Amino acid sequence: MDKKRLERLRANASKSEFSEALAFLQQEADEASRITYAIKSDEQGQWTHYYHCHEDGTRLTFNWDTPLIHHCPTCSKERTGEPFDSAWTSIAHSKIGQAVYHIALLYAVESDKHRLDMVKSYLMAYASHYGTYLIHGDIPYNGPGKLFAQTLDEAHWITDLALGFDVIKEHLTPQEEAHICSGLLEPCARFLIEHKEKQIHNHSVLITSAIAAIGLLLHDNEIRQLGLEGEYGLLDQISHGIFEDGLWYEGNVQYHFYAFKSMLHYALIAEGTEWELWHHKALKSMFDFPLYLLLPSGVMPTLNDAGPGDHMGTYAPYYEIALDIYGDDMYRSLLHTAYGTDWADQQFIGMNHVRRDSVYALMFGQELSTSNAEKGVSLWDTAHHTRSLTSSGLTKLVNEKGWQVILKHSRFGGEHDHMDRLGLSVVRGTVPLLIDPGTTAYGIPTHYGWFKHTYSHNTVSLNGADQPPRDGRIVQLVEENWGVWAETAVDWLSEDYQMKERIILPRELSPWDDKSYKGAVIRRINVLMGEQLLDIVSVTVPDAREVHLTSHFSGKMRQNSLVRWESTDEQLSKLDQKWLKDKQMLVSGARSFCYGMQAGMLEQQIWCSKTSDIYTALSPDNPLTVDRTSLIQRVTIEDKVLFVQVLSYDPDHGGRLKAANSADLVVVELQDDTYRIKLKTLEDQSVFSVDLSGEKAKLGKLG
């Protein structure tokens, strides 16, 4: 670690602005002192994704005094035995690794021999026992581990130990340094080298970052090169895994930062050397990209294998690094807003402010006080702005009412993809309307059973099957004086996609049906204006297919005496039907439905160019303690079909919506592929002309 970085650490620790960050380090040291785990030989950790309650998906907790009693904070049940005990073993060693890093940093600030001895003792013990750990692990789609059950976790753990070693190495005797290097760092690096993944993947980033960092610490050029250079080395991961607009290819902000954090840890160890990474252009773009996706609440959208709850405060520590290295006032605005200072951007609604208590604040933090001249930089304007990120394949439509509509026309993202090209995710302010649910812990059955499939998303499924790999595209984005609209598309006219030769797709994670999609073309037009979203979906197939258009609402359908439903046991997808509860089929009544949302009411009006069946069911939401209301339109075609739906939102619980069963949506086909669409509410009426006959749609507002 560069001496200037340690000097910044010590200087910031003496300033009141960073008192909470120093207190965090001190708390971490106190917590570490309560660790009663004795490092020993012949240990075998298990996958930490198993350390979750199987009923509600909540991560379990434990007490160091009773380590083999695993408690669920949600249902209060206790779990014992396997796989929980072995998963806990991995968690215990992960916590020790983090403790080594944090206590070493605190020692650099406050020279306390007891803390130095604690760091030394852990490093020396691991060096003495690491050779006894046997290669094991059968985690799907992962390489094995020695102390842990997968190569990925081994890389996590050794990176924390390497960072701690880097901080305190000048205080080791030559004998102690030699023992740690020969007994722990070098053999772990060799193990990681042996199990490098030959693909572009977040695992590969973590593993190669760890190898390259250890190579630097050992002054071993061979190990450094094996981590940093060559095909699938860290530099190759950066070159091929980061899209031109800055998103990590696996398609969501959580995996973006998961890969990014390891790059940053390598950069921290390499700082001040000829292999420094800070000024690689891709790193700044990785800081910039997430700012474009922020929702009005400051929360990050859940896409692909992301879980719920991440917000700008979750990632504020990384922007301490960004502001120090790049000096962009947009990062300063994010930090002010995340920390809730006097210069916070007040337009974000219900922001969860966080404390400035990270180790990155101590190592990189600058004084955040700002002049009036700098207050012109607006994080809100960056986030609440219609834009298309064409490389990553995400387009965001926004308006002054607080709507944000994310259109997913992304490139295929590998094993963490959810096979949902042209998926739709919509919020209005802090209210989710119909959103991508992301996923839960991988050890929970709902992950592989429901969340990872096309049918759990707001998009098209053919024959009820998953979409095969394919890259979507943005056709056009048009801003009008009355609103904004976009056209996206995907087809299966070939089997190509950008990452095809750079990633590994395990057979078990390839559940799609190529035959169902071969030759199919899907186009989607989304029109946002005021409190309405018009959604037009065109599906063309070369022969007989069953088309399912699914919409999953974050609310409950309101009862309407004029609409009649009947229970049904029909198979609505190729998935296990246990994920669709209380299935009902529409028997009679207008195709207009109201949903009570977290706040306000949403009305859905639907139309189809063919005779279609309508179903509703309750399906898993995220978290699993609640359900979504799923509305499924199903039609069998041999050529093409057009779906039209309009979503109207009323924050006043229905005061401005027409009663269900009214003719609020009227669609007339004028000639082949040309339509007139009339939308009506109690307050307004809009008429659109839509021409789908060309490669690009033509859309006009007539009144």
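Visitor: Is Thr488 buried or exposed?
Guide: Thr488 is buried, at 2% relative accessible area. Buried means under 20%, exposed over 50%, and partly exposed in between, with a 1.4 Å probe and protein chains only. This is a predicted model, where local features need pLDDT of at least 70, side-chain atom pairs count only at pLDDT 80 or more, and totals for chains, interfaces and linings use all residues. Residues are numbered from 1 along each chain as its sequence is written, and side-chain values use heavy atoms, with hydrogens and water left out.

Visitor: Where is the place of Thr488?
Guide: Thr488 belongs to strand β11, residues 483-491. Strands (E, at least two residues) and helices (H or I, at least four) are DSSP runs, numbered from the N terminus.

Visitor: Which residues does Thr488 touch?
Guide: Leaving out residues up to four places away in sequence, Thr488 touches Leu407, His409, Leu422, Arg473, Ile474, Val475, Ile522, Arg523 and Arg524. Contact means heavy atoms within 4.5 Å.

Visitor: New topic. Where does Pro301 lie?
Guide: Pro301 is in the loop between α11 (281-293) and α12 (312-326).

Visitor: Why does Pro301 count as buried?
Guide: Because its relative accessibility is 8%. Pro301 touches Leu293, Leu295 and Ile406, again not counting residues up to four places away in sequence. Pro301 and Val253 are 8.0 Å apart in space, C-alpha to C-alpha, and 48 residues apart in sequence.

Visitor: How many cavities of 30 Å³ or more does the structure hold?
Guide: Three. On a 1 Å grid over the protein atoms alone, a cavity is a set of points where a 1.4 Å probe fits but cannot get out. A pocket is an open set with protein on both sides within 12 Å along at least five of seven lines. Lining residues have an atom within 4 Å of a point. Grid points are joined across faces, edges and corners, and a volume is the space filled by probe spheres set on the points.

Visitor: What volume has the largest cavity, and what lines it?
Guide: The largest cavity has about 50 Å³. Its lining includes Ile406, Lys408, Gly423 and His457. β6 and β7 each give two or more residues to that lining. β7 has the largest share, three residues.

Visitor: And the second largest cavity? What volume?
Guide: About 40 Å³. Among its lining residues are Phe243, Tyr249, Lys408 and Arg421. By class, the lining has three nonpolar, four polar and five charged residues. Ala, Val, Leu, Ile, Met, Phe, Trp, Tyr, Cys and Pro count as nonpolar, Asp, Glu, Lys and Arg as charged, and the others, Gly among them, as polar.

Visitor: Pockets next. How many residues line the second largest pocket?
Guide: The lining has 28 residues, with Pro432, Ile435, Ser554, Gln598 and Asn622 nearest the centre. The space in this pocket is about 600 Å³. β6 (403-408), β7 (423-428) and β8 (431-434) each supply at least two lining residues. The classes are 13 nonpolar, 11 polar and four charged.

Visitor: Last one, α4. How many residues has it, and which are buried?
Guide: Helix α4 (113-129) has 17 residues and reaches 24 Å from first C-alpha to last, close to the expected 24 Å. The expected span is 1.5 Å times one less than the number of residues. Buried residues in α4 include Leu116, Val119, Leu123 and Tyr126.

Visitor: What covers them?
Guide: The cover of the buried residues of α4 includes α2 (19-33), α3 (84-109), α5 (151-168) and α6 (174-194).
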